[in-house]
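Thanks for coming. I will go through the pockets of one structure, and then one of its sheets.

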Amino acid sequence: MTSRADDERFMARAIEVSLRHQGQTLTNPSVGCVLVKDGKIIAEAVTAIGGRPHAERQALELAGEAARGATAYVTLEPCSHWGKTPPCANALVEYGVARVVVAVDDPDERVSGRGYQILRDAGIVVETGLLRDEGKRALAGYLTRQMKKRPHVILKLAISADGMIGREGEGQVAITGPESRHAVHELRARCDCILVGIRTAIADDPELTVRIAGMESRSPVRIVLDRQFELPLTSKLVRSAREVPVVVAALPPFAPSISPLVGEMPGRTEGGNPDHRRQLLTDAGVQILEAPSLEHLLQTLAERGMSELLVEGGAFAAKSFLEAGLVDRIMLFESPVVIGKGGIETPLSRADITGDYALISEPAYGPDRCFCYERPI
């Protein structure tokens, strides 16, 4: 018999393996599978880039005949429906696995419970819920899209020692150090889309791409909340829209307390009415997405297969998502840098975070520290 400690160790390894392809498996979840026999790992695999083949089938093929009598540790309930390949539950039966341990049940109605039933009907011992919270965290994007019909929303803010996120009229201000910025680019690489408000897009002129050598192709779809189509044609976003997709999300005006005054926007694009500016953006390769609310915007993104959205830019965007109750994870990168006079106050500090969120980690990145909060899916 395997001890509880050994089971947890092997499942922790399966979760670790599952993270290798996070954000690279399209609409399929990035699942980890570890096969163990006589207390030793004989094979392990993660869902392939693009979503196929699944982790279980790859691990089984690696193990071959040795899989007979083994225990499979899988981060998500094995699939039971026929798609481009046969179900993973059937493959586990065919290879003679004796026991399957799972972290998270699959909410997909095509699978939910059916994968377990196939295994149990074949006499395989099935155990569920091991390291469930850790498994759900690794599968947060997939689970949120399945259960809430929207992407998992991550809000990231870089905050100075005096509680500021920038300085008025100065565009991008370096608050965090290179270690934090590298971590943010890794975060971008695993997300399907990244969002900023129009004020940030105009003031900072960001690229919002992944700038880590060898990972540039993993840049997310870039979204700007811009109800008046004011994104400048000369901006880095528009000029690169044919290489990395850019979406202008045109939503109705928000509450007056958080809505920007268009006439006061620095660098505002002049000339033409909104319809004319819209056409110019479309001609430049920018996609236009109209939605009646943030909730509908997120639903549309989920329908397009997007599972994780990173909200990275500006007090306006942050407040909008927070007030709508749409933020699932909060990442506050706190820096020892002092902004001083003319600073833009953060819309959120640790003291503001409600009891709905739990602190799950606080890693250090050079002189900075990131406080990560999460609420249950």
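**Pockets, a cavity and a sheet**

Start with the second largest pocket: helix H7 gives the largest share of its lining, four residues. Keep in mind that this is a predicted model. The space in this pocket comes to about 540 Å³. Its lining has 21 residues, and those closest to the centre are Gln22, Leu187, Arg190, Arg329 and Met331. Besides H7, the elements that give two or more residues to this lining are helix H5 (132-138), strand S13 (329-334) and strand S15 (358-361). Sorted by class, the lining has 11 nonpolar, three polar and seven charged residues.

Now the largest pocket, with a volume of about 1200 Å³. It is lined by 46 residues, and the closest to its centre are Ile165, Gly171, Thr200, Asp204 and Gly314. H7 (178-190) turns up here too, among the elements that give two or more residues to the lining; others include strand S6 (152-159), strand S7 (164-167) and helix H8 (198-204). The classes in this lining are 19 nonpolar, 11 polar and 16 charged residues.

How many cavities of 30 Å³ or more does the structure hold? There are two cavities of that size. The largest cavity has about 180 Å³ of space. Of its 17 lining residues, Gln22, Gly23, Ser30, Tyr142 and Ser307 lie nearest the centre. Helix H6 (residues 140-148) gives the most to the cavity lining, with four residues. By class, that lining has six nonpolar, seven polar and four charged residues.

Last, the sheet. Strands of a sheet pair through backbone hydrogen bonds, either parallel or antiparallel. Here five strands make an open sheet with mixed pairing, in the order S2-S1-S3-S4-S5. On average, neighbouring strands are turned by 15 degrees against each other, direction ignored.

Further in, strand S1 (residues 32-37) pairs with strand S3 (residues 71-76) in the antiparallel sense, over four bridges. Cys33 stands opposite Val74 in S3. Helix H2 (residues 55-63) lies across S1, S2 and S3, and runs at about 140 degrees to S2. Helix H4 (residues 114-121) also packs on the sheet, where it touches strand S4 (99-104) and S5; its direction makes about 150 degrees with that of S5.

Terms used. Residues numbered from 1 in each chain as written. Predicted model: local features only at pLDDT ≥ 70, side-chain atom pairs only at ≥ 80, totals over all residues. Heavy atoms only, no water. 1 Å grid on protein atoms, 1.4 Å probe; cavity = no way out; pocket = protein on both sides within 12 Å on 5 of 7 lines; lining within 4 Å. Points joined across faces, edges and corners; volume = space filled by probe spheres on them. Nonpolar A, V, L, I, M, F, W, Y, C, P; charged D, E, K, R; others polar. Pairing = 2+ DSSP bridges. Axes fitted to C-alpha atoms, helices over the stretch in contact; angles between N-to-C directions. Contact = heavy atoms within 4.5 Å.
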